[in-house]
Amino acid sequence: MAEEIKHKKPKTTKSGGATQVQSLSRALLLLERLAASDMGMSLTEVAASLGLAPSTAHRLLNSLRSHDFVDVDETQGLWSIGVNAFSIGNAYLKKRDVIAQSRPFMKRLVAETGETSNLAILEQDRVVYVGQVESPQTMRMVVSLGSSSPLHASGVGKALLSVIPSKEAMALIRQTEMTAFTEHTITRYEQFEQELGRIHQQGYSLDDEEQFEGLRCIAANIYNEYGEAVAAISISGPAVRVKRERLPQLSTLVMDAAREVTHAIGGKVPSTSHKR
């Protein structure tokens, strides 16, 4: 008869487990402090920033150093982030593909609004469409990925321009012809500059039949970790469906989606209070 063998788990005390968790928490906080320091930190500075005894801080630093999470300049006695911390942080960038991260929110926008959702980036003096989720409606807005739109007459173009310093944005616009595609297209520089200021304050842009008669587009920006616009997300549809009375509701949905994509890629929405 086979003998049953029972494996006993190693005993751990509550105090021992708590100590390990505390050490882990301290190590993570230590990494955060070092990451925020441009020049590195001395042992005394590290200890003071965490409220630890220098001996405890030194023990944590050496433990992290053994795994290449931190490094030390022996000549100056300054500790800094190590190559392994960089490698792990860099791995996070793999999930930050704005096109892939945007798609679920674009699908939701289509479900919520019934209109096509687009994703575009700024490329020199034009915007290029890099993502799209089509509306299920028979009459809908469709663009080819890789195609472009004029900056001055597209919702995504105006959104992306609105967060660039005013002088730079207008210098970019002056490189274009500001063609009048419809009677609603803004073709005067002063009026367009005012339009960008309004967009900057309200957080979304509106292409009000400016590129195509009977088509409206609402767009908002997606930002990276530096608060820089890296893309704009939008909805586009016939003016008979994207009615003026629906603009407050639709613009809120677009801004919410842009904000959620920004969060998903580790970005931050900048304050609208700073001057352009």
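**A sheet and its surroundings**

Modeller: Let's start with a charge over a ring: Arg174 lies over the face of Tyr189, at 4.6 Å from the ring centre. To count, NZ of Lys or CZ of Arg must be within 6 Å of the ring centre and within 35 degrees of the ring normal. Before going on, note that this is a predicted model, where local features need pLDDT of at least 70, side-chain atom pairs count only at pLDDT 80 or more, and totals for chains, interfaces and linings use all residues. Residues are numbered from 1 along each chain as its sequence is written, and side-chain values use heavy atoms, leaving out hydrogens and water.

Now the sheet. It is open, with 6 strands in the order β5-β4-β3-β8-β7-β6 and antiparallel pairing. Helices (H or I, at least four residues) and strands (E, at least two) are DSSP runs numbered from the N terminus, and two strands pair if DSSP finds at least two bridges between them. β5 (148–150) and β6 stand at the edges with a single partner strand each, so one side of each has no neighbour in the sheet. On average, neighbouring strands are turned by 30° against each other, direction ignored.

β6 and β7 pair in the antiparallel sense over 4 bridges, and Leu206 stands opposite Ile218 in β7.

Leaving aside neighbours within four places in sequence, Glu195 is in contact (heavy atoms within 4.5 Å) with Lys158, Ile186 and Leu206. Glu195 is buried, with a relative accessible area of 10%; buried means under 20%, exposed over 50%, and partly exposed in between, using a 1.4 Å probe and protein chains only. The side chain of Glu195 makes a polar contact with the side chain of Arg198 (2.4 Å). That term covers N or O atoms within 3.5 Å, where within protein one must be able to donate a hydrogen and the other to accept it, and residues adjacent in sequence count only if both atoms are side-chain atoms.

Finally, the loops. Most residues other than glycine have a negative phi. Glu209, in the loop between β6 (205–208) and β7 (215–223), has a positive phi of about 60° although it is not a glycine. Gln124, in the loop between β3 (116–123) and β4 (126–133), also has a positive phi, near 60°. Glu209 is buried at 12% relative accessible area, whereas Gln124 is exposed at 61%.

Key: Axes fitted to C-alpha atoms, helices over the stretch in contact; angles between N-to-C directions.
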